[in-house]
Amino acid sequence: MYAVSSLLDTVGPAQWPVTFIRAHGARFTDDKGRGYWDFYGGHAVTLIGQGHPHWVGVLASQAGTLSFMTTMASIPVRDRAAEALCAFTEMDVAWFVNSGAEANEGALKMARKATGRSVIVAMENGFHGRTMGALGVTWKYREQHAPAHGNTRFVPFGDLEALEAILDADVAAVITEPVQGIAGIVEPPEGWLAAVKERCEANGSLLICDEVQSGVGRTGAPLAATAQGVKADIVTLGKGLGGGFPVSAVLMSRGVSETIGAGEHGTTFGGAPLACAAVEATLAVIAAEDLLSKANILGDRMFAELRMPGVLEVRGRGVWIALVLDRPAKPVANALLEAGFLVGTSTDPTVLRLSPPAVLPEHAISALAETLRTTLEAK
Ligand code: PLP
């Protein structure tokens, strides 16, 4: 760990006691030359793995050709990235921004504009980011910064009756993750999301699906909502979208896009050439290496190999799997780190969250299973 006093520490004692020097694919190397298998994916970011040669080549070439221009001028790479992303997700229009929270801020603003209403319905245990607007629809963390921003009504995730009870003519949008990520990869009851979409339509409200964590192939489908048979009015993406380059997007229906007038929304860095090149390269790698199928294969293998005494439940899809333990997850995560495996945790203290790159070799799962078994037996 670097002892840099000029850097604000927002992690505290939870920070891993390790300094990474390099990474390739799903393998990290620390400053002592030790190797680690990546089941963390940089918080569900690196679906295509680290340092993919195509991604590196495209970024280097873009940097040398046209390194920056705002949305004041058209640049071919931005048009190509939007077209590729809309084709991949089956959405109509894309707007590029810089982080998941910023994408959600934009989505909320657009939903209010499109409907002329101001109330947002959000889910208990949902997470949408740390900026003030996104925090206003986020269940946890918002009390730390009370009073919360915005006009939000919360309902339990997956509870249709509770939603129906508060869905009135003031509601601009319902925002939800199709599967709650930070809460511990929690899936809603079957058919719930489709019913929410139906109720929104009947009420003149929009459905915003926050796919910042679940999108861009992580579940083995382009979007987690598509896998549930639902097309939202607005979808937000981030994390895996740029293969590690900071970029996010608000995707919307043509109808929503037509309500947004010139000058109503803007960003300096959003849609910049390098970010758009990263999106285009990431989508190209997903297609060329059939990473959706690979994500599903790895997911099946994690389901098969990681069921063991001490693991009460395995849930999730693709390269996004939660292990519900019969004990606190953090000490187990620490032991796995010491043994050379990076894994994530969640706001549920008993859940280990696994979000490896889809380029992880399958034998790494067997290695994790063996170490996890030993760890769980020892404690
Ligand atoms: N939405 C979801 C579902 C997330 O999981 C996250 C981050 O973990 C965010 C939004 C916020 O994204 P960012 O940290 O890029 O602002």
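Two exercises with worked solutions follow.

The model is predicted, with local features requiring pLDDT of at least 70 and side-chain atom pairs counting only at pLDDT 80 or more, while totals for chains, interfaces and linings use all residues. Residues are numbered from 1 along each chain as its sequence is written, and side-chain values use heavy atoms, leaving out hydrogens and water.

**Exercise 1.** Describe how helix H12 packs against helix H13.

Solution. Helices (H or I, at least four residues) and strands (E, at least two) are DSSP runs, numbered from the N terminus. Step one: H12 covers residues 329-338 and H13 residues 362-378; their axes lie 10 Å apart at an angle of about 130°. Axes are lines fitted to C-alpha atoms, for helices over the stretch in contact, and angles run from 0 to 180 degrees between N-to-C directions. Step two: H12 is therefore oblique to H13, since angles under 35 degrees count as roughly parallel, over 145 as roughly antiparallel, 65 to 115 as roughly perpendicular and the rest as oblique. Step three: Val332, Ala335 and Leu336 of H12 meet Leu368, Thr371, Leu372, Thr375 and Leu376 of H13, contact meaning heavy atoms within 4.5 Å.

**Exercise 2.** State the order of the strands in the open sheet and identify those at its edges.

Solution. Step one: the four strands are arranged S1-S2-S3-S13, with mixed pairing; two strands pair if DSSP finds at least two bridges between them. Step two: S1 (20-24) and S13 (341-343) each have a single partner strand, so one side of each lacks a neighbour in the sheet. Step three: S2 (residues 27-30) and S3 (residues 35-39) run antiparallel and are joined by three bridges. Arginine 27 has tryptophan 37 as its bridge partner in S3.
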